Amino acid sequence: MPKLRGDLLGVVLGSTGGPVDGRHQTQHDGRGYLKMTIGGERILTHRAVWTALRGPLEPGQIVHHKDGDTSNNALRNLEAMSRREHIALHAEKRRKQNASH
């Protein structure tokens, strides 16, 4: 991944220190996540924000959107966790939703 910086609202800053052109953050992948292209590399925006502000993820970690809004890439809405924790979190949310119906 290219060297990046970011701000707390989820704006990714390029090597010149300015925001990466917004065009690059408006492309969605098939699951609703924002993607960007930096230096020819396609990157999930939430992972770029996390890496820019918190550093590289540990092997096997993912970045979770706490509020479920995959377009909200503000740092306060992002949380690193293992894939196993992420699966368990979403399974528990589904279980609670199903129990309330």
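A residue counts as partly exposed when its relative accessible area lies between the buried range, under 20%, and the exposed range, over 50%. Glu92, with a relative accessible area of 31%, is therefore partly exposed. The model described here is predicted. The chain has 101 residues, of which 35% count as buried, and it contains 2 helices and 7 strands.

**Overall architecture**

- Along the sequence, the secondary structure elements follow the order β-β-β-β-β-α-β-β-α.
- Among contacts between residues at least 6 apart in sequence, 35% join residues at least 24 apart.
- The chain exposes about 6,500 Å², and carbon and sulfur atoms supply 51% of that area.

**The largest pocket**

- The largest pocket holds about 320 Å³ of space.
- Its lining consists of 15 residues, and those nearest the centre of the pocket are Tyr33, His46, Ile62, Val63 and His86.
- Three elements each supply at least two residues of this lining: helix 1 (45–54), strand 6 (61–65) and helix 2 (83–99).
- Sorted by class, the lining of the largest pocket comprises 5 nonpolar, 7 polar and 3 charged residues.

**Helix 1 and the residue that follows**

- The buried residues of helix 1 are Thr45, His46, Ala48, Val49, Trp50 and Ala52.
- Just after helix 1, Gly55 adopts a positive phi of about 100 degrees.

- The structure holds 1 salt bridge, which Glu92 forms with Arg95.
- The closest N and O atoms of Glu92 and Arg95 are 2.7 Å apart; this pair meets the criterion because a side-chain nitrogen of Arg lies within 4 Å of a carboxyl oxygen of Glu.
- Glu92 and Arg95 are separated by about one helical turn, because they stand 3 residues apart in helix 2.
- Arg95 has a relative accessibility of 48% and so counts as partly exposed, and Glu92, at 31%, is likewise partly exposed.

**Leu89 in helix 2**

- Leu89 is found in helix 2 and counts as partly exposed because its relative accessibility is 30%.
- Leaving aside residues up to four places away in sequence, Leu89 touches His64 and Met81.
- Leu89 and His64 are 25 residues apart in sequence, and their C-alpha atoms are 9.9 Å apart in space.

**Asn73 in a loop**

- Asn73 is found in the loop between strand 6 and strand 7 (78–82).
- Asn73 counts as buried because its relative accessibility is 5%, which falls under the 20% limit.
- Asn73 and Val49 are 24 residues apart along the chain, with 7.1 Å between their C-alpha atoms.

**Met36 in strand 4**

- Met36 is found in strand 4 (residues 34–38) and counts as buried, because its relative accessibility is 0%.
- The C-alpha atoms of Met36 and His46 are separated by 9.8 Å, and these two residues are 10 apart along the chain.

Key. Residues are numbered from 1 along each chain as its sequence is written. This is a predicted model: local features need pLDDT of at least 70, side-chain atom pairs count only at pLDDT 80 or more; totals for chains, interfaces and linings use all residues. Side-chain values use heavy atoms; hydrogens and water are left out. Helices (H or I, at least four residues) and strands (E, at least two) are DSSP runs, numbered from the N terminus. Buried means under 20% relative accessible area, exposed over 50%, partly exposed in between (1.4 Å probe, protein chains only). Contact means heavy atoms within 4.5 Å. Accessible areas come from the Shrake-Rupley method with a 1.4 Å probe; for residues, only the protein chains shown count as cover. On a 1 Å grid over the protein atoms alone, a cavity is a set of points where a 1.4 Å probe fits but cannot get out, and a pocket is an open set with protein on both sides within 12 Å along at least five of seven lines; lining residues have an atom within 4 Å of a point. Grid points are joined across faces, edges and corners, and a volume is the space filled by probe spheres set on the points. Ala, Val, Leu, Ile, Met, Phe, Trp, Tyr, Cys and Pro count as nonpolar, Asp, Glu, Lys and Arg as charged, and the others, Gly among them, as polar.
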